[in-house]
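Hi,

Here's the structure I promised to pass on. Have a look first, and my notes follow below.

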Amino acid sequence: MSSKSANTTRRKRTCHHCKSSYIPSRSDQKFCSDACRYKAKSEKQSKANRKKLERRVSRLRRTGFGQYLVRECIRAGTVQILTGHTPETLHELAKLRTDCFIYNGVSLDGELFKAYELSHICPVNGHSIVGLLHPHNLVIASKAFNRSRSKRYMGGGKWIERNKLLPQWRVDVGRPQKLSATPDLSGTVLPLCPIPNSALKNAPPFKSVMPKASACAGSPA
């Protein structure tokens, strides 16, 4: 074997991304090409983002707001009541809920008064439509007024048609429930929601998206 061949053999390395052999042009080179370097960087960032999402999900499960969202999804029977949310509208929803607590006030014994409630403009249990859990579909109203309205719909708000509800987002209270989370279209974590275990098995974690806003009809009153 010639000295040139021996030198070439010694210099061969294995690419950290595609695992193919290559001859480096620099002593600190780890990848066979710029394409492999960019792909490796992207995969590393995706892994870091996923861990970040998991931490956020874990924290949200323990908050009162997260538990509220779960209860509302169970009540509606579907996770799709969160259709069309953005990080901004989630903050609006959290603030609206906090304002309702403030308006109710607390007794000297520390008991929360319940004179006011968050009332759906478009009812959540409508015959052909389902009112969304969205700040543009909620108002703070007296408990008496909210209960007297029941399922009556007077127009406005935001909703999704029942015939557009997808089975994989259905909440079946009769089955064991498991908490999951999905990022919205901008990559921001949306709330934890209960969905059937069967749906979780078929859904790739942290890669599926919430239903598109186009599935939502209606506009603020």
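A quick definition before anything else: helices (H or I, at least four residues) and strands (E, at least two) are DSSP runs, numbered from the N terminus. Bear in mind that this is a predicted model, where local features need pLDDT of at least 70, side-chain atom pairs count only at pLDDT 80 or more, and totals for chains, interfaces and linings use all residues. Residues are numbered from 1 along each chain as its sequence is written, and side-chain values use heavy atoms, with hydrogens and water left out.

The overall picture: the protein chain has 6 helices and 9 strands.

Now to α3, which covers residues 64-76. Its 13 residues reach 18 Å from first C-alpha to last, close to the 18 Å expected at 1.5 Å a residue; that expected span is 1.5 Å times one less than the number of residues. Buried residues in α3 include F65, Y68, L69 and E72. Just after α3 comes G77, with a positive phi of about 85°.

The other spot I looked at is F31, in the loop between β2 (21-22) and α2 (34-61). F31 counts as buried because its relative accessibility is 18%. Among the residues F31 touches, not counting those up to four places away in sequence, are C15, H16, Y22 and A40; contact here means heavy atoms within 4.5 Å. The C-alpha atoms of F31 and R13 are separated by 8.8 Å, with the two residues 18 apart along the chain.

Cheers

Technical notes:
Buried means under 20% relative accessible area, exposed over 50%, partly exposed in between (1.4 Å probe, protein chains only).
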